[in-house]
Amino acid sequence: MEQYRTRSAPHQQRPPAQRQAPRSAAVPAQAGVGPRRSALARRMPRPRLTGLGGGLFACAAMVLVGGICWLLFGSSLFVYGLLFLPVAAATALWVRPADLITAPIGVPIAFAAGVWPISGGSGGIGGHLMGLVSALSLHAGWLYAGTLVAALIAVVRKAVLIGRRRMPRRITQ
């Protein structure tokens, strides 16, 4: 059975009447905002990670944080939890817009991966596993806080993206 295509090919151009105005023409410039924003944008890193890349970044960062906490702070779970919050925020900020939903999913996995070195278990695999479970249950507040930070940043970024998509329609109407 033959299936017919219902959408136009992505390489075809739109007719001139449907093209959108350039972004600079659609959004009026605000006085004094342009130069400061461009200077700040040049200093801040703007990586765009895929969903998998964001999860791997968060896991690698939290394993590194766990090792640093183990070496410098004597396996302090307070310091680990405190350093988890900026890693969660960075992960949610650096993930691609198409993969925003993965930030609040990958961040708790990274917390669990990084807490392994400082969980304090002893006596083989079973002892280390019990230490990990105890550390996760006793410090679930940090886990929830970091997940909430990542989720809020993802929701705000998605709302901004939706607002930018609708803005040209409002101006032309």
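Modeller: Helix axes to start with: they are lines fitted to C-alpha atoms, over the stretch in contact for helices, and angles run from 0 to 180 degrees between N-to-C directions. This is a predicted model, where local features need pLDDT of at least 70, side-chain atom pairs count only at pLDDT 80 or more, and totals for chains, interfaces and linings use all residues. Residues are numbered from 1 along each chain as its sequence is written, and side-chain values use heavy atoms, with hydrogens and water left out.

Biologist: Fine. At what angle do α4 and α5 pack?

Modeller: About 150°, with the axes 10 Å apart. Helix α4 covers residues 77-94 and helix α5 residues 103-115. They are therefore roughly antiparallel. The cut-offs: under 35 degrees is roughly parallel, over 145 roughly antiparallel, 65 to 115 roughly perpendicular, the rest oblique.

Biologist: Zoom out. How many helices and strands in the chain?

Modeller: 7 helices and 0 strands. Both are DSSP runs, numbered from the N terminus: helices are H or I with at least four residues, strands are E with at least two.

Biologist: How much of the chain is buried?

Modeller: 29% of the 173 residues. Buried means under 20% relative accessible area, exposed over 50%, partly exposed in between (1.4 Å probe, protein chains only).

Biologist: Switching to charges. How many salt bridges?

Modeller: The count comes to 1. The rule is a side-chain nitrogen of Lys or Arg within 4 Å of a carboxyl oxygen of Asp or Glu. D99 and R96 form it, at 2.8 Å from N to O.

Biologist: Is D99 buried or exposed?

Modeller: D99 counts as buried, because its relative accessibility is 15%. R96 has 34%, so R96 is partly exposed.

Biologist: Last one. Which residues make the nonpolar surface patch?

Modeller: L64, I68, W70, L71, L72 and F73, about 680 Å² together. Patch residues have over 30% relative accessible area and no salt bridge; nonpolar side chains (Val, Leu, Ile, Met, Phe, Trp, Tyr) are joined within 5 Å, like charges within 9 Å. Areas come from the Shrake-Rupley method with a 1.4 Å probe; for residues, only the protein chains shown count as cover.

Biologist: Where is L64 found?

Modeller: In helix α3, residues 51-72. L64 is exposed, at 55% relative accessible area.
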